Amino acid sequence: NAGVTQTPKFHILKTGQSMTLQCAQDMNHGYLSWYRQDPGMGLRRIHYSVAAGITDKGEVPDGYNVSRSNTEDFPLRLESAAPSQTSVYFCASKAAGGTDTQYFGPGTRLTVL
Amino acid sequence: KQEVTQIPAALSVPEGENLVLNCSFTDSAIYNLQWFRQDPGKGLTSLLLIQSSQREQTSGRLNASLDKSSGRSTLYIAASQPGDSATYLCAVKEGGGSNYKLTFGKGTLLTVNP
């Protein structure tokens with residue numbers, strides 16, 4: 001199993017451009033979440049999904065959109081990037097029920113100029 | 001609002017030393033607490049998860065304790081090694097089922113010197 005994979009690893013955007021960060025998991029996990037990690041702050045959840053077709057807002061959702069069309073994939077879209085969205089983004093998965101252990105992807109380092 | 005604090009922010013020790021990392025949280029109504037390790041430029045790896053009804057969990061040289069009533073958890077690392085160098089984060093879970101929230105601390109950067 002590859003676990004949780006994220007692409008790209010690094011990306012530079014200009015203000016106002018759009019892009020999609022990809023997240024995929026092959027563990028048949030129901031719960032997927034997007035977090036951002038900024039210096040001097042703890043990880044903060046952006047959006048999450050408990051199953052295909054169901055998404056919800058986390059603590060910092062503004063400026064981001066998500067969709068969940070199947071169990072494996074959970075893309076995060078920035079429609080009009082802003083410098084405040086410069087961050088490291090992590091996707092995390094968790095099995096529905098059972099253990100609460102979270103599995104994180106390797107992250108995407110995004111810079112918005 | 002739940003707040004999670006980790007002290008110290010950074011710690012440097014010689015190889016072989018036993019050490020303790022601290023995590024405190026303001027609201028004791030938690031579901032569980034999880035300790036993670038993060039290597040530079042990498043994602044988080046779960047180390048130990050303690051349910052709110054448990055007092056401690058052990059894995060190899062790692063032992064995590066939880067005192068829910070006082071809002072504290074410790075991660076004890078025995079006989080530290082240079083490979084233990086990383087940032088250690090704790091996170092508390094509030095709420096069960098699908099409507100849960102994880103609140104993370106800012107982490108402790110551990111350096112183990114050979």
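Q: What volume does the largest pocket have?
A: In this predicted model, the largest pocket has a volume of about 630 Å³.

Q: OK, and how many residues line the largest pocket, and which lie nearest its centre?
A: Its lining is made of 30 residues, and those that lie nearest the centre of the largest pocket are A:Gln37, A:Val88, A:Arg109, B:Gln38 and B:Gly41.

Q: Which elements give two or more residues to that lining?
A: In chain A they are strand E9 (87-94) and strand E11 (108-112), and in chain B they are strand E9 (86-94) and strand E11 (108-113).

Q: Which one gives the most to the lining of the largest pocket?
A: That is E11(A), which gives 4 residues to the lining of the largest pocket.

Q: How do the residues of that lining divide into nonpolar, polar and charged?
A: The lining of the largest pocket has 12 nonpolar residues and 12 polar ones, along with 6 that are charged.

Q: Switching topic, what volume does the second largest pocket have?
A: The second largest pocket has a volume of about 360 Å³, and 17 residues line it, with A:Arg44, B:Lys1, B:Gln2, B:Thr103 and B:Phe104 lying nearest its centre.

Q: Which strands each supply at least two residues there?
A: For the lining of the second largest pocket, they are strand E5 (44-51) of chain A, and strand E1 (4-7) and strand E10 (101-104) of chain B; the largest share, 4 residues, comes from E10(B).

Notes
Residues are numbered from 1 along each chain as its sequence is written. Chains are lettered from A and ligands numbered from 1 in the order in which they are written. This is a predicted model: local features need pLDDT of at least 70, side-chain atom pairs count only at pLDDT 80 or more; totals for chains, interfaces and linings use all residues. Side-chain values use heavy atoms; hydrogens and water are left out. On a 1 Å grid over the protein atoms alone, a cavity is a set of points where a 1.4 Å probe fits but cannot get out, and a pocket is an open set with protein on both sides within 12 Å along at least five of seven lines; lining residues have an atom within 4 Å of a point. Grid points are joined across faces, edges and corners, and a volume is the space filled by probe spheres set on the points. Ala, Val, Leu, Ile, Met, Phe, Trp, Tyr, Cys and Pro count as nonpolar, Asp, Glu, Lys and Arg as charged, and the others, Gly among them, as polar.
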